[in-house]
Structure formats: structure tokens, C-alpha cells
Amino acid sequence: MPRVCAVCGKGTVAGNHVSHSNRKTRRTWSPNLQRARVMINGSPKTVNVCTRCLRSGKVQRVV
């Protein structure tokens, strides 16, 4: 299962970790995904949603 938000499509991004001595190694940043039950097309589904979509109200959480 990929680390991708089901609403906005935000996923893992890659870049360089730069040390104090300016040595560079590859690293990744993962989005803050939460498993949440949300309403999709009128039915509740459990999907991975990033916290920004939850906070901004792009999805309606189902209890």
C-alpha cells in the first residue's frame, strides 16, 4: 500500500540529508497519514488521509 493521501494525493518526497560537513545522502519525507473512516460517495470507507485534509475539512469523518 503506497504512502499516499486518498484525498489530495500527497505522497513521499525525496531529497538530500546534508550534514554539517556538507556530505549529502538521500532521504525521504513521508506525509502524516492517518487511517480514518470518511464518507466517500455516500458510504463510509476506511482510507489513508493526510492530517492537512482532515484539519481543513476536505473530508467528513464518520464515527
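1. A disulfide is taken here as a pair of cysteine sulfur atoms within 2.5 Å. This is a predicted model, in which local features need pLDDT of at least 70 and side-chain atom pairs count only at pLDDT 80 or more, while totals for chains, interfaces and linings use all residues. Residues are numbered from 1 along each chain as its sequence is written, and side-chain values use heavy atoms, with hydrogens and water left out.

2. On the cysteines, a search of the whole structure returns zero disulfides. Cys 8 takes part in none, the nearest cysteine sulfur being that of Cys 5 at 3.7 Å. For Cys 53, the closest cysteine sulfur belongs to Cys 50 and lies 3.5 Å away, which is too far for a bond. Cys 8 counts as partly exposed at 38%, whereas Cys 53 counts as buried at 1%.

3. Cys 53 also belongs to the largest nonpolar core, which has nine residues, among them Cys 5, Cys 50, Leu 33, Val 38 and Val 59. Such a core is a set of buried Ala, Val, Leu, Ile, Met, Phe, Trp, Tyr and Cys residues joined through side-chain atoms within 4.5 Å. At least two residues of this core come from each of β3 (33-40) and β4 (43-50), strands here being DSSP runs (E, at least two residues) numbered from the N terminus.

4. If residues up to four places away in sequence are not counted, Val 38 touches Ser 43, Pro 44, Lys 45, Val 47, Val 49, Val 59, Gln 60, Arg 61 and Val 62, a contact being heavy atoms within 4.5 Å.

5. β3 and β4 pair in the antiparallel sense over eight bridges, where pairing requires that DSSP finds at least two bridges between two strands. Arg 37 stands opposite Thr 46 in β4. The hairpin of β3 and β4 has two residues between the strands, and in this hairpin Asn 41 takes a positive phi near 55°.

6. Which loop holds Asn 22? Asn 22 lies between β1 (13-18) and β2 (24-29), and its phi is near 70°, a positive value in a residue other than glycine.

Note on methods
Buried means under 20% relative accessible area, exposed over 50%, partly exposed in between (1.4 Å probe, protein chains only). Helices (H or I, at least four residues) and strands (E, at least two) are DSSP runs, numbered from the N terminus.
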